[in-house]
Amino acid sequence: MRGRKVIVVSPAPLLLPLLLAGCDGVQAVLSPAGPEAAEVATLSWVLFIGGAAIFVGVMALAAYALLSPPARRRWLSRPATVVAAGGIFPVVTLTVLLTYGLVLTEWTQTTAETPVAGATPLRIDVVGEQWWWRVTYLDDDGAPVFETANEIRIPVGRPVQFTLRSADVIHSFWVPKLGGKRDMIPGRVNQLTLTASEPGLFRGQCAEYCGGPHAMMAFEVMALAPAAFDQWLDAQRQPARAPADDFARQGLALFLGHGCGACHSVRGTAAAGRIGPDLTHLGGRRTLAAASFPTNQGTLAGWIADNQHLKPGNHMPAFAVFTGVELRALAAYLEGLE
Ligand code: CUA
């Protein structure tokens with residue numbers, strides 16, 4: 001081995017892109033799109049920079065303790081140094097940080113009774129279900145206006161007061177670009193107020209392991225200019241569109257004839273099931289199966305025929321009874337529900 005150079009390659013640079021990927025994108029804590037998320041980002045930076053400074057200080061002291069002449073490093077082992085650096089410093093630092101964090105994140109303590117400063121908040125009820133999100137828009141008095149699923153549209157600049165509930169196990173509602181996460185606990189109603197300060201598409205994710213396809217329990221939040229939002233709201237209030245042609249009509253007949261309406265609602269038809277997601281405006285949603293796939297005829301047909309392959313463990317049975325043409329008709333009908 002003599003004379004041979006050993007080159008050690010550190011994997012750290014290879015991991016850097018992975019780390020930096022968290023700094024931007026539709027689900028990034030460090031690129032906030034609202035005041036609540038900005039506070040979380042600020043707190044993250046304060047903790048990171050403070051932690052880094054303390055780490056560097058401790059490493060410098062360790063090097064000093066190892067390398068400096070014994071006479072010069074003696075003060076390090078004095079009782080006063082140990083008490084100050086090992087006891088007083090952490091207690092003071094952690095107390096200051098805790099107080100700062102509590103004051104900064106005081107916004108998270110809002111409840112339905114707490115008035116939100118500025119505009120009247122929009123009220124939306126979200127129920128976490130294994131493994132999707134039941135979303136109900138409420139009027140100012142808290143009465144339901146319409147139901148949708150897995151996609152939440154909000155107006156830019158107006159606070160949105162979410163009531164968060166669970167239908168089964170603990171889930172957690174988290175839209176990193178808009179704010180911190182909040183658990184959805186069976187038997188409890190939690191509150192969270194978020195505001196989008198810019199239009200855009202933000203991704204949310206269930207942040208508490210809830211069994212089976214927890215990783216495929218995502219959703220999208222779309223922040224729209226107020227006029228565009230009002231237009232969308234008006235369209236959502238309407239019952240489902242009638243099928244556009246004979247092929248889609250055939251799809252509707254198959255949908256009703258095979259009992260899809262036992263679990264799903266399509267307002268304006270006989271389908272009024274409450275178990276699965278409301279499909280009234282399914283074709284207008286960007287994604288399918290809790291932000292797992294884009295909504296198009298291919299994914300819709302694939303989902304009906306073999307959803308247990310696409311999202312294993314989800315509560316919808318696969319319907320392998322349809323022919324290819326029937327699946328296409330069903331998909332055409334569902335995609336037309338804009
Ligand atoms: Cu719902 Cu994890």
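This note goes through a sheet, a helix packed on it and some aromatic pairs in a predicted model.

1. Basis. Residues are numbered from 1 along each chain as its sequence is written, and side-chain values use heavy atoms, with hydrogens and water left out. The model is predicted: local features need pLDDT of at least 70 and side-chain atom pairs count only at pLDDT 80 or more, while totals for chains, interfaces and linings use all residues.

2. The sheet. Five strands make up an open sheet with mixed pairing, in the order S4-S10-S9-S6-S7. Strands (E, at least two residues) and helices (H or I, at least four) are DSSP runs numbered from the N terminus; two strands pair if DSSP finds at least two bridges between them. S4 (151-155) and S7 (182-184) are the edge strands, each with a single partner, so one side of each has no neighbour in the sheet. From one strand to the next, the twist averages 25°, with axes as lines fitted to C-alpha atoms (for helices over the stretch in contact) and angles from 0 to 180 degrees between N-to-C directions.

3. S9 and S10. Strand S9 (residues 200-206) pairs with S10 in the antiparallel sense over six bridges. Leu201 has Met222 in S10 as its bridge partner.

4. Helix H5. H5 (residues 226-237) packs on the sheet and touches S4 and S10, with its direction at about 135° to that of S4; contact means heavy atoms within 4.5 Å. Its buried residues are Phe229, Trp232, Leu233 and Gln236, where buried means under 20% relative accessible area, exposed over 50% and partly exposed in between (1.4 Å probe, protein chains only). Seen down the axis of H5, these buried residues fall within an arc of 105°, so they line one face of the helix; the arc is that of the directions from the helix axis to the C-beta atoms. The exposed residues Ala227 and Gln231 are on the face turned away from the buried side. Strands S1 (122-129), S2, S3 (144-149), S4 and S10 are what the buried residues of H5 pack against.

5. Aromatic pairs. The structure holds 13 aromatic pairs. Rings of Phe, Tyr and Trp (its six-membered ring) pair if their centres lie within 6.5 Å; planes under 30 degrees apart count as stacked, over 60 as edge-to-face and the rest as tilted. Trp133 and Phe219 form a tilted pair, 4.7 Å centre to centre with 55° between the planes. This pair links strand S2 (residues 132-138) to strand S10 (residues 218-224), 86 residues apart.
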